Amino acid sequence: MSAETQVQGMTDIQGFLAEHTEKELLRLAVVGSVDDGKSTLIGRLLYECNGLFEDQVAAVKRASAGGEIDFSLFTDGLRAEREQGITIDVAYRYFSTKRRKVIVADTPGHLQYTRNMATGASTADAAVILVDARLGILPQTRRHAYIASLLGIPYLAVAINKMDLMDFDQAVYERLATEFEAFSRTLGFEQVRFFPISARTGDNITQPSARTPWHDGETLLGWLETLPHERRQEDAAFRFPVQYVLRPDLDYRGFAGQIVSGKVRLGDEVVVYPSRRRTHIASIDTFDGRLEEASAPASVTLRLTDEVDISRGDLLAHAGQPPRVLQDMEAMLVWFGEERLDTSRRYLVKHTSKYVPAHIEQVLWRKELEDLSEQPAPTLGLNDIAKVRLVCKRPVVCDPYRDNRRTGAFIVVDPLTNDTVAAGMILGGAGGQGADETRSLVSASERRERLGQSGAVLLLTGTPEVRDAALRLERALFDQGRHAATVRGDAENALALAEAGLLAILYTPVPQARLGLREQLRGAGVPWLELEPSEDVDTQVKRVLDAQEKTP
């Protein structure tokens with residue numbers, strides 16, 4: 001091969017890659033009940049859009065019975081899926097057209113795999129829901145459509161499949177379209193579009209079908225290509241959950257994570273939550289060098305102009321676009337657990353990069369998918385969808401899900417088994433309350449006036465004699481007319497006492513527990529002060545009283 005040919009080849013490749021990079025990206029979820037033809041439809045799209053390798057096509061042709069290509073084999077990759085002819089796990093596939101790139105999530109249809117469907121659809125910009133023309137609208141079809149609407153997917157295509165088995169009867173198509181349209185009218189989709197298709201024979205998927213002259217001629221692929229561009233997170237408010245603190249040497253302190261929404265520039269003023277400390281962006285670092293600005297979904301390391309105490313789970317936001325800070329909230333929940341919800345148990349809520357102890361205080365209602373009615377329910381079972389009241393032990397820095405899918409979503413984890421038992425979408429503060437909601441009918445100012453002090457946590461850690469130091473401090477504060485109590489190693493109890501207006505002296509002789517206690521206190525929104533056990537008690541008391549004077 002000549003040098004000139006090699007150069008031309010490289011130029012062609014670079015041009016192709018540049019063109020591919022500039023194409024718009026659409027994330028698509030294909031959902032529906034079992035055996036409605038989801039895998040076959042996706043296989044057909046991949047095949048006709050040249051999204052497969054030659055060896056894949058050859059292997060499927062060999063595996064297909066009767067010589068006709070079984071398009072479902074392109075996506076059903078697990079042995080159990082091929083043996084049973086069903087989809088079990090979420091399969092992601094990729095293809096591109098002249099206008100855009102498409103990432104497709106092939107989601108399972110079985111009731112027991114609804115959790116997998118919700119996972120696959122959680123990042124989608126549009127969805128295709130399949131309906132078997134022979135069977136009609138099934139309960140699982142309704143469940144998937146409702147979950148898609150909960151997840152904020154704006155565009156839905158209803159592909160009425162297997163029309164070839166119904167002789168492309170227009171009356172069958174119109175009856176099913178009318179039934180689904182009546183069901184979906186209150187679900188909040190921006191657009192619902194209907195298509196009569198056959199995934200097996202390819203009618204109205206990439207090319208119009210002569211067997212549906214009563215259809216307007218639009219194809220499913222044509223609809224996908226004309227949808228508005230993906231919902232762009234960089235247009236939303238800036239949110240940066242901290243994943244990791246980088247400290248390779250004494251001169252470098254950076255905070256690594258992914259920008260989940262919005263943009264950030266050098267010099268921007270940001271607020272650290274939940275501490276609400278203000279600072280500015282000093283540097284935006286990446287593996288390839290420093291940037292002047294970065295936007296979602298870039299993964300970067302941010303350095304700040306001030307030495308601010310930040311750890312994993314904290315969140316950075318622009319000063320003029322504050323998030324919500326909630327402990328009591330209302331949320332929509334899709335229950336995944338084999339065990340039923342126990343409202344007396346404690347669970348863990350994982351929100352962005354942070355785990356928070358919480359319990360689901362009340363099921364406000366459960367959605368009945370047959371008629372979309374709201375039914376009372378004392379608990380939740382597998383695949384139930386409900387509105388709940390969630391009470392967290394520490395504040396959660398979040399946004400309503402309708403405003404931000406990344407900071408408005410969470411999962412619920414069983415701390416005993418480490419199983420993910422539910423996925424949730426934050427609606428807002430409980431009872432419609434906002435970020436400054438109170439959890440008591442007695443205000444902090446009323447407690448301060450009655451007790452003559454502000455509640456706070458005083459942290460003492462790290463020496464075997466720390467208990468004696470805590471007791472001496474309690475005695476000295478009492479002699480000064482202050483109300484204090486000692487707590488060993490339990491930050492939640494100490495915070496409860498501080499919220500009641502007391503000076504809670506939290507102590508532990510275990511040095512390794514210091515970081516964990518600091519993290520719990522830092523995220524609680526309650527004043528706290530760390531003291532050295534080696535200090536004499538008079539110095540400690542002076543520091544406490546000075547801090548009390550500065551507390552508003």
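## Terms and basis

Two strands are said to pair if DSSP finds at least two bridges between them. Helices (H or I, at least four residues) and strands (E, at least two) are DSSP runs, numbered from the N terminus.

The model is predicted, and local features need pLDDT of at least 70, side-chain atom pairs count only at pLDDT 80 or more, while totals for chains, interfaces and linings use all residues. Residues are numbered from 1 along each chain as its sequence is written, and side-chain values use heavy atoms, with hydrogens and water left out.

## The chain as a whole

The protein chain holds 13 helices and 27 strands. Of its 552 residues, 51% are buried, where buried means under 20% relative accessible area, exposed means over 50% and partly exposed lies in between (1.4 Å probe, protein chains only). When contacts (heavy atoms within 4.5 Å) are taken between residues at least 6 apart in sequence, 70% of them join residues at least 24 apart.

## The six-stranded sheet

Six strands form an open sheet with mixed pairing, in the order β2-β3-β1-β4-β5-β6. At its edges stand β2 (91-96) and β6 (191-196), each of which pairs on one side only. From one strand to the next the twist averages 25 degrees; for such angles, axes are lines fitted to C-alpha atoms, for helices over the stretch in contact, and the values run from 0 to 180 degrees between N-to-C directions.

Within this sheet, strand β4 (residues 126-132) and strand β5 (residues 155-161) pair in the parallel sense over seven bridges, and Leu130 has Ala159 in β5 as its bridge partner. Helix α7 (residues 170-184) packs on the sheet, where it touches β4, β5 and β6, and its direction makes about 165 degrees with that of β6.

## Ala126 in strand β4

Ala126 belongs to strand β4 and is buried, with a relative accessible area of 0%. If neighbours within four places in sequence are left aside, the contacts of Ala126 are Leu26, Arg27, Leu28, Ala29, Ile153, Tyr155 and Leu227.

## The four-stranded sheet

A further open sheet has four strands in the order β25-β26-β24-β27, with parallel pairing. Because β25 (484-488) and β27 (528-531) stand at the edges with a single partner strand each, one side of each is left without a neighbour in the sheet. Neighbouring strands here are turned by 25 degrees against each other on average, direction ignored.

Strand β24 (residues 456-461) runs parallel to β27 and is joined to it by four bridges; Leu460 has Leu531 in β27 as its bridge partner, and Val457 stands opposite Trp528 in β27. The covered face of β27 carries Leu529 and Leu531, whereas Trp528 and Glu530 are on the uncovered one.

Helix α10 (residues 466-479) lies across β24, β25, β26 (503-508) and β27, running at about 170 degrees to β26. Helix α11 (residues 491-499) touches β24, β25 and β26, and its direction makes about 165 degrees with that of β26.

The expected span of a helix is 1.5 Å times one less than its number of residues. For the 14 residues of helix α13 (residues 537-550) this gives 20 Å, which agrees with the 20 Å between its end C-alpha atoms. At the N-terminal end, Asp536 caps α13, with a side-chain oxygen 3.2 Å from the backbone nitrogen of Asp538.

Which residues of α13 are buried? They are Gln540, Val541, Val544, Leu545 and Gln548. These residues cover an arc of only 130 degrees around the axis, which puts them on the same side of α13; the arc is that of the directions from the helix axis to the C-beta atoms. They pack against β24, α10, β26 and β27, while the face turned away from the buried side carries the exposed residues Asp538, Lys542, Glu549 and Lys550.

Gln548, which is part of helix α13, has a relative accessible area of 11% and is therefore buried. Residues up to four places away in sequence not being counted, Gln548 touches Gln453, Ser454, Ala456, Arg482 and Leu503.

Note on methods. Polar contact = N/O pair within 3.5 Å; in protein donor to acceptor, adjacent residues only side chain to side chain.
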